[in-house]
Amino acid sequence: MTHAFDKAYWEAHWKRPEAGDPASVQLEVNPHVRLQTPGLPQGTALDAGCGEGTEALWLANQGWDVTGADISRAALDVAAHRSAHLEATVRPAWIEADLVTWEPDTTFDLVVTNYAHPTIPQLDFYRRLATWVAPGGTFLIVAHLHEAAPGAGHAHPAEASVTGADIIATFEATEWRIDTATEGSREVTTEHGTRTLRDAVVRATRLR
C-alpha cells in the first residue's frame with residue numbers, strides 16, 4: 001500500500017489548528033446520503049468511519065438513532081463539539097474504534113460508509129461492515145471510483161478506490177438486493193478550492 005491508513009494517518013488527516021471554533025468549519029453532507037436514505041424505515045444507524053460527524057449529525061436530525069464510529073480521536077472531538085451545540089433531542093453516540101478490529105454488540109438498520117479507508121483491502125472492509133446490517137436493513141457505500149488511467153492530480157491510490165462492479169460482487173445474491181449502483185462525477189468546494197470527485201455508490205438491502 002502507498003498509504004498506511006492507520007490511526008496515525010487519520011489523526012494527522014483530521015488534525016486542526018488550535019485556533020478557532022471547530023464547529024465553524026463544516027463539510028457539506030454527502031449528497032448521496034441525502035439522496036439514498038430518505039424513505040427508508042428509520043431505526044438504528046451506524047456511520048462507519050464518521051470523521052467529524054457531518055453525515056451522522058444529519059441522519060440524527062432526520063430521526064435516526066445514530067452511532068458514529070471512527071479511529072481518529074481528533075475527528076471525534078470535533079464531532080462531539082458540534083453535537084453538543086445542536087438543538088436536537090437525539091444526538092449521535094460517538095465511539096473511538098478501529099473498524100478493522102472493533103465488533104459492535106448489535107446490528108443496525110442502516111450502515112453508511114463514506115470514503116472510509118482501512119488498513120485492510122477495501123472490499124474486505126465492505127464485507128466486514130455488511131455483517132453489521134440487520135435483516136431488512138440497508139448498507140450504503142460511497143467510495144472513490146477506481147479509474148484504470150487516472151488523470152494528473154488523481155488523489156486516491158489504487159487500494160483506496162473501487163468500481164461499482166467490484167462492490168456489487170461482494171454481495172451474495174441470495175442475501176442481498178442491490179437497490180442502487182451508480183458511478184459519476186461531482187464538483188465539491190472546500191477551503192482549498194474546487195475539485196472533482198469520482199464516486200461509486202451502492203445501496204443494498206439485506207434480505208435475511
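This is a predicted model: local features need pLDDT of at least 70, side-chain atom pairs count only at pLDDT 80 or more; totals for chains, interfaces and linings use all residues.
Which residues have the most contacts inside the largest nonpolar core?

## The largest core

Leu46, Val111, Tyr126, Trp132, Phe139, Ile167 and Phe171 have the most contacts inside the largest nonpolar core, which has 26 residues. At least two residues each come from β1 (44-48), β4 (108-114), α5 (122-130), β5 (133-145) and β8 (193-206). Strand β5 gives the largest share, five residues.

A second core stands separate, with 18 residues. Ala56, Trp58, Leu140 and Val142 are among them. In soluble globular proteins, nonpolar side chains tend to be buried together.

## Tyr126 and its contacts

What does Tyr126 touch, leaving aside residues up to four places away in sequence? The partners are Thr113, Phe139, Ile141, Ala143, Val162 and Ile167. Tyr126 is also one of the residues with the most contacts inside the largest core.

## Aromatic pairs around Phe139

The model holds eight aromatic pairs. Phe139 and Phe171 make an edge-to-face pair. Their ring centres are 6.1 Å apart, with 70° between the planes. Phe139 sits in strand β5, while Phe171 sits in the loop between α6 (164-168) and β7 (176-190), so this pair ties together parts 32 residues apart in sequence. Phe139 and Phe171 are both buried.

Phe139 also pairs with Trp176. Here the centres lie 6.4 Å apart and the planes meet at 50°, so the pair is tilted. Phe139 belongs to strand β5 and Trp176 to strand β7, so the pair links parts that are 37 residues apart in sequence. Trp176 is buried, as is Phe139.

## Helix α1: two faces

Which residues of helix α1 (residues 7-14) are buried? They are Trp10, Glu11 and Trp14. Viewed down the axis of α1, these buried residues fall within an arc of 105°, so they line one face of the helix. The face turned away from the buried side carries two exposed residues, Ala8 and Ala12.

What do the buried residues of α1 pack against? Their partners are β2 (65-70) and α4 (73-84).

Definitions and conventions:
Residues are numbered from 1 along each chain as its sequence is written. Side-chain values use heavy atoms; hydrogens and water are left out. Buried means under 20% relative accessible area, exposed over 50%, partly exposed in between (1.4 Å probe, protein chains only). Helices (H or I, at least four residues) and strands (E, at least two) are DSSP runs, numbered from the N terminus. The arc is that of the directions from the helix axis to the C-beta atoms. Contact means heavy atoms within 4.5 Å. A nonpolar core is a set of buried Ala, Val, Leu, Ile, Met, Phe, Trp, Tyr and Cys residues joined through side-chain atoms within 4.5 Å. Rings of Phe, Tyr and Trp (its six-membered ring) pair if their centres lie within 6.5 Å; planes under 30 degrees apart count as stacked, over 60 as edge-to-face and the rest as tilted.
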